[in-house]
Structures are given as C-alpha cells and as structure tokens.
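Me: I would like to learn how to read the features of a model like this one, step by step. Could you take me through them, giving the general idea before the particular case?

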Amino acid sequence: MAGLIWFVQIVHYPLMAAVHKDSFASYERQHQRLTTLIVGPAMLVEAVCAGLITTGLVSVSASPATRWVAAAMLVVIWISTFFVQVPLHGRLQNGFDPLLMRRLIVTNWVRTLLWSTRAVLAMIMMRSSTTGVV
C-alpha cells in the first residue's frame, strides 16, 4: 500500500489536472470504479492481517504497543479514505474543480505518511520475527 499511495500522491493525482475538462467527469467515474477494484481488496487484506497481528492470532516479535499503534494508523487511514478522499472523489464526478483537486492532494498526505510509517513498522516486525531482535 505504501508504494501504491506514493504513486497516487506523486503521479496519479497531479496528472488528473491534465484530463480535458469535457471528459473529466467520465474519467473520474472510471477512475473510482477501477481504483476500487485494485485498492479495495488490498485494503481488506491489510485490515485482516492487521487484525490478526493486533489480536495475537499471528505471532510477531513486536510489543503490543507497536502492534496497536500500527493498527491505530490503519484506522486513521480508513477514516481518511471513507470520510475525506471518497467524498472528494464523489464531488469531482461533477467535473473538474481545482480547489477540490488541491484538497484531495493535500489531505491524501495523511494516508501517504501513515502507510509509509506502517511499511517501516511492518519491516521492523518482520525483521524482529525472523531474528528474534525486538
């Protein structure tokens, strides 16, 4: 998810401004449908894995605090996704709006930074689990 969100943040969202205004609404609808096909299942798998790790059903050599912080980050990502980014995309289906596009890009930094931090925590947990070093 970290790699995907960096692509979206740096490449995909800024390039949306280059879509011709007459076709932007159609583009946005297609964007939402196709993105959901890729991102939706990945987010669900991530949530299931986070739940298994947080509850201890999957063993990792990380402190409970680390596991709960990582889970809390995921909750914030989901809140941001469904209460900020998805509604903004919905509004953009009416046509390109530079202010909405700017808000989408700026607010998406929350998810970009949290998914990046979660990736670092996941690497630490994987390393700890294989080496026994916490």
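**Reading a predicted helical model**

Reply: Let us begin with a single residue and its surroundings, bearing in mind that the model is a predicted one. Leaving out residues up to four places away in sequence, Thr-81 touches Met-43, Val-86, Pro-87 and Arg-111. Thr-81 has its place in helix α3, and with a relative accessibility of 5% it counts as buried.

Me: How many helices and strands does the protein chain have, and in which pattern do they follow one another?

Reply: The protein chain holds 4 helices and 0 strands, and reading along the sequence gives the pattern α-α-α-α. The C-alpha trace spans about 55 × 20 × 20 Å along its principal axes. Of the 134 residues in the chain, 35% are buried.

Me: How should I read a pair of aromatic rings, and how many aromatic pairs does the count come to here?

Reply: The general idea is that two values describe such a pair, namely the distance of the centres and the angle of the planes. In this structure the count comes to 4 aromatic pairs. In one of them, the rings of Phe-24 and Phe-96 have centres 5.2 Å apart and planes at 80°, and because an angle over 60 degrees counts as edge-to-face, that is how the pair is classed. This pair links distant parts of the chain, since Phe-24 belongs to helix α2 (residues 24–55) and Phe-96 to the loop between α3 (64–92) and α4 (98–131), the two being 72 residues apart.

Me: Which residues form an aromatic cluster, and which charged end sits over the ring of Phe-96?

Reply: One aromatic cluster is formed by Phe-24, Tyr-27 and Phe-96. As for the charge, it is the charged end of Lys-21 that sits over the ring of Phe-96, at 4.1 Å from the ring centre.

Me: How do I read a salt bridge, and how many does a search of the whole structure find?

Reply: One looks for oppositely charged side chains that meet through nitrogen and oxygen atoms, with a cut-off of 4 Å. The search of the whole structure finds 1 salt bridge, in which the side chains of Arg-118 and Glu-46 meet at 3.1 Å, N to O. Here too the pair links distant parts of the chain, with Arg-118 in helix α4 and Glu-46 in helix α2, 72 residues apart. Arg-118 counts as buried at 13% relative accessibility, and Glu-46 likewise counts as buried, at 14%.

Me: What does the surface look like, and which residues make the nonpolar patch?

Reply: The protein chain exposes about 7800 Å², of which carbon and sulfur atoms supply 73%. A nonpolar surface patch of about 1000 Å² is made by Leu-4, Trp-6, Phe-7, Ile-10, Val-11, Leu-15, Leu-34, Leu-37, Ile-38, Trp-109 and Leu-113. Helices α1 (2–16), α2 and α4 each supply at least two of the patch residues, and α1 gives the most, with 6. Leu-113, for instance, lies in helix α4.

Me: Where does Trp-6 lie, and what is Trp-6 in contact with beyond its neighbours within four places in sequence?

Reply: Trp-6 lies in helix α1 and is partly exposed, with a relative accessible area of 34%. Once the neighbours within four places in sequence are left aside, Trp-6 is in contact with Val-11, Trp-109, Thr-112 and Ser-116.

How values were computed. Residues numbered from 1 in each chain as written. Predicted model: local features only at pLDDT ≥ 70, side-chain atom pairs only at ≥ 80, totals over all residues. Heavy atoms only, no water. Phe/Tyr/Trp six-rings, centres within 6.5 Å; stacked < 30°, edge-to-face > 60°. Lys NZ or Arg CZ within 6 Å of the ring centre and 35° of its normal. Patch = residues over 30% accessible without salt bridge, like charges linked within 9 Å, V, L, I, M, F, W, Y side chains within 5 Å. Areas by Shrake-Rupley, 256 points an atom, 1.4 Å probe, with all protein chains shown as cover. Buried < 20%, exposed > 50% of the residue type's maximum accessible area, 1.4 Å probe, protein only. Contact = heavy atoms within 4.5 Å.
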